[in-house]
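Subject: A structure to look at

Hello,

Here is the structure I promised to pass on. Please have a look at it first, and then read my notes below.

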Amino acid sequence: LFSGPVTFVLSAPELKFLPDPTVPEIAFAGRSNVGKSSLLNALTGRKSIARTSVTPGRTQELNYFDVGGGEDGSPPEFRLVDMPGYGFAKAPPAVVKKWRHLVNDYLRGRQVLKRCLLLIDARHGPKPVDAEMMEMMDIAGISYCVVLTKADKIKASELARIVAMTEAEARKHAGAFPEIAITSSEKGMGIDELRGFVLKSAEG
Ligand code: GTP
Ligand code: MG
């Protein structure tokens with residue numbers, strides 16, 4: 001696990017509510033229901049520090065979590081940011097517009113954002129909305145690691161096909177790491193490796 005405590009800081013519906021940009025941040029992006037909040041819980045070893053939901057589109061703010069620090073008022077080592085999901089069918093246009101502004105402004109303007117994890121459902125592989133998200137991050141100059149989620153839900157042979165497909169998509173994008181991560185928050189698959197990656201990203 002990460003050394004030190006993990007605490008929820010705040011939920012920001014607009015950029016003006018973000019904490020002072022003094023601590024490195026690692027952000028989680030992905031379609032609604034892909035498992036962002038679940039992965040955050042698995043990485044921090046906390047069952048429900050980030051709220052998970054069966055209803056897509058539940059998280060519509062930037063949710064901040066401090067990791068480490070806190071003793072004698074010392075600053076956290078880094079922050080994890082649970083971003084609102086995209087691509088859910090029933091989203092009203094006004095919600096989509098607000099999402100686009102919030103996420104795009106955050107990606108482009110946040111100096112302390114070190115890296116993103118872009119989550120993609122291992123059962124489906126990258127969709128056009130994921131490619132769009134990757135493009136948005138490419139343009140913002142963010143480096144990101146593509147993470148397949150819910151790997152417990154498909155057969156190994158099928159997973160191999162999706163991994164190849166996802167790697168092919170990642171190769172098309174300037175900001176994406178060539179290596180992708182395979183995880184299951186439910187079964188704990190790939191979580192230790194990803195935690196190591198998050199730590200390295202926060203330091204670097
Ligand atoms: P939004 O906040 O709406 O964008 O969703 P999210 O990406 O945060 O997804 P969340 O973590 O809330 O998970 C959505 C659903 O997928 C929940 O019912 C989870 O229990 C389930 N889920 C998440 N990760 C896994 C996994 O690794 N395996 C399985 N089988 N289910 C998972
Ligand atoms: Mg969520």
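A residue is called buried if 20 or more other C-beta atoms, placed from the backbone, lie within 10 Å of its own, exposed if 12 or fewer do, and partly exposed in between. By that rule, buried residues make up 41% of the 204 residues in the chain.

Please keep in mind that this is a predicted model, in which local features need pLDDT of at least 70 and side-chain atom pairs count only at pLDDT 80 or more, while totals for chains, interfaces and linings use all residues. Residues are numbered from 1 along each chain as its sequence is written, and chains are lettered from A and ligands numbered from 1 in the order in which they are written.

First, the overall picture. The chain has 5 helices and 7 strands (DSSP runs numbered from the N terminus: H or I of at least four residues for helices, E of at least two for strands). From the N terminus on, their order is β-β-α-β-β-α-β-α-β-α-β-α.

The 7 strands form an open sheet in the order β1-β3-β4-β2-β5-β6-β7, with mixed pairing; two strands pair if DSSP finds at least two bridges between them. At the edges are β1 (6–12) and β7, each of which pairs on one side only.

Now to β6, residues 144–149, where 6 of 6 residues are buried. Y144, V146 and L148 point one way from the strand, and C145, V147 and T149 the other way. In general, side chains in a regular strand alternate between the two faces of the sheet.

What does β6 pair with? On β5 (residues 113–121), the pairing is parallel over 6 bridges, with L118 opposite V146 and L117 bridging to C145. With β7 (residues 181–182), β6 pairs in the parallel sense over 2 bridges, and V147 has A181 as its bridge partner.

The chain goes from β6 through helix α4 (residues 156–171) to β7 in a right-handed β-α-β crossover, meaning that, with the strands pointing away from the viewer, the path from the first strand over the helix to the second runs clockwise.

Best wishes
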